[in-house]
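Me: I have a protein model open and would like to go through a few spots in it. Could you help me read it?

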Amino acid sequence: MTAKQHAMGFFERYLTLWVGLCIAGGILLGAFAPNFAKTLDGMSINVNGAPVVSIPIAICLFFMMYPIMVKIDFAEVVKAGKSIKPVSLTLIVNWAIKPFTMYGIAYLFLGVLFQSLLGADAVDLVKMPFGLDLPVGSEYGAGTVILQDGVKMLQVPLWRSYLAGCILLGVAPCTAMVLVWGYLAKGNAGHTLVMVAINSLAMLFLYGLIGGFLLGVGQLPVPWEALLLSIGIYVALPLVAGFYSRRWIIAHKGLDWFEQKFLHVLTPITIIALLLTLVLLFSFKGEVITTNPLTILWIAIPLAIQTILIFAITYLAAKLWGFSYENAAPSAMIGASNHFEVAIATAVMLFGLSSGAALATVVGVLIEVPLMLALVGFCKRTQHWFGEERS
């Protein structure tokens, strides 16, 4: 892909503004048309009488994911085998460090420092784990089974629900906006795409495994069947669709048409699908936000600290390992930013559209653009720290 195609477009540049407008729109929708989002979310695939997949949300989230996957040329992954250091760094940071630091930081702030601010006794209702049928009143992890509108739900401490959303963000390295961040930081576009491909493949095997483990450590529902289903729908399906459609389009239309025309059309579709999903999310969470408007801030603080910490670890490791600046910058960016599309999709499927977990993943979107732009600026001011790459 050319540098021009990585530039931050109109939708990406003002993503924080759009998210803010979606918050306002969703809150108003929830206040004046409270049944609208519930009706849409009620259009679902049910198993044993319980909603498992919301069809409207699934459609929106597919269109969030597919444009990301279709950009990836997996043939480049084979060539990446010759670059052991960059591959090793991205795998170590994103899968052996980042998920666990996210858990620790989120637990410290949400479960200890901010618990009273969030409401020590506040609770949240989340979906029962897919395939699990416990009697009302049973204890499961930190939750209690209750009956809500004829459907069994788990009542869990609100802060733990927010923790679940943070976990899902921390275990999802960015594979979309990092293309923009790498370009703005004047990084190596080829290196960035290879790292995106590697992390997309790693997600197929590690996202559910590590995410499920950390949810269990946090005494949260561990819906393994739903985790696998989520990975299948929101990672594997768009990955396969992107791989085969990319091959077909390039074979019939050529690479230039694919990059200049097809991808250009897809970009706003991705953002629009994201924003529609956010409106639905906030239509459910409007009451929580209006009664406790600082909720967003309490969730944003640990997410911001995690972002800066992982960036610093990766950037420093890249320097010590002898990376060139062009490879160090995107390596740090892919670890620092999150794959909020997958995190939102998984939170909605596992815990429900109205859950605190879903809200926490949306906060990740809210802080992503301004924070990553600040880190891009830091990278550009520190280019002189790096010399020629050492083999």
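Me: Let me start with a charged residue: which side chain of opposite charge is nearest to Arg 160, and how far away is it?
Reply: Before anything else, please keep in mind that this is a predicted model. In it, the nearest side chain of opposite charge to Arg 160 is that of Glu 139, which is 10 Å away, and Arg 160 is buried yet has no salt bridge.

Me: Then what lies 2.6 Å from a polar atom of the Arg 160 side chain?
Reply: That is the backbone oxygen of Gly 218, which lies 2.6 Å from a polar atom of the side chain of Arg 160.

Me: And which helix is Arg 160 in?
Reply: Arg 160 is found in helix 9, which covers residues 158-170. Helix 9 has 13 residues and reaches 19 Å from its first C-alpha to its last, which is close to the 18 Å expected at 1.5 Å a residue.

Me: OK, moving on to helix 15. How many of its residues are buried?
Reply: For helix 15 the count is 11 of the 12 residues, so helix 15 is also described as largely enclosed by the rest of the structure. Its buried residues include Tyr 325, Asn 327, Pro 330 and Gly 335. Helix 15 runs over residues 325-336, and from its first C-alpha to its last it reaches 16 Å, close to the 16 Å expected at 1.5 Å a residue.

Me: You mentioned Gly 335. How far apart are Gly 335 and Ile 310, in sequence and in space?
Reply: Ile 310 and Gly 335 are separated by 25 residues in sequence, while their C-alpha atoms are 6.3 Å apart in space. Ile 310 belongs to helix 14, residues 295-320, and it counts as buried because its relative accessible area is 0%, which falls under the 20% cut-off.

Me: What about Pro 302, where is that?
Reply: Pro 302 is placed in helix 14, and at 0% relative accessibility it counts as buried. Pro 302 and Ala 106 are 196 residues apart in sequence, yet 5.5 Å apart in space, taken from C-alpha to C-alpha.

Me: Now helix 16. What span should its 12 residues have, and what is the distance between its ends?
Reply: Helix 16 takes in residues 340-351, and at 1.5 Å a residue its 12 residues should span 16 Å; its end C-alpha atoms are 16 Å apart, which agrees.

Me: Is helix 16 mostly covered or mostly open?
Reply: Helix 16 is mostly covered, since 12 of its 12 residues are buried. Among them are Phe 340, Glu 341, Thr 346 and Phe 351.

Me: Which residue other than glycine has a positive phi near 60°?
Reply: That is Lys 186, with a phi near 60°. Lys 186 is found in the loop between helix 10 (178-184) and helix 11 (189-217), and it is exposed, with a relative accessible area of 53%.

Me: Changing topic, which residues form the nonpolar patch on the surface?
Reply: The patch is formed by Met 43, Ile 55, Ile 59, Phe 63, Val 265 and Ile 269, which together have about 500 Å² of accessible area. Two elements, helix 5 (55-70) and helix 13 (255-291), each give two or more residues to this patch. Helix 5 gives the most, with three residues.

Me: Last one: how is Phe 284 placed, and how far is it from Leu 353?
Reply: Phe 284 lies in helix 13 and is partly exposed, with a relative accessible area of 22%. From C-alpha to C-alpha, Phe 284 and Leu 353 are 7.6 Å apart in space, although 69 residues apart in sequence.

Technical notes
Residues are numbered from 1 along each chain as its sequence is written. This is a predicted model: local features need pLDDT of at least 70, side-chain atom pairs count only at pLDDT 80 or more; totals for chains, interfaces and linings use all residues. Side-chain values use heavy atoms; hydrogens and water are left out. Helices (H or I, at least four residues) and strands (E, at least two) are DSSP runs, numbered from the N terminus. The expected span of a helix is 1.5 Å times one less than its number of residues. Buried means under 20% relative accessible area, exposed over 50%, partly exposed in between (1.4 Å probe, protein chains only). Patches are made of residues with over 30% relative accessible area and no salt bridge: like charges are joined within 9 Å, nonpolar side chains (Val, Leu, Ile, Met, Phe, Trp, Tyr) within 5 Å. Accessible areas come from the Shrake-Rupley method with a 1.4 Å probe; for residues, only the protein chains shown count as cover. A salt bridge is a side-chain nitrogen of Lys or Arg within 4 Å of a carboxyl oxygen of Asp or Glu. Lys and Arg count as positive and Asp and Glu as negative; His and the chain ends are not counted. A polar contact is a pair of N or O atoms within 3.5 Å; within protein, one must be able to donate a hydrogen and the other to accept it, and residues adjacent in sequence count only if both atoms are side-chain atoms.
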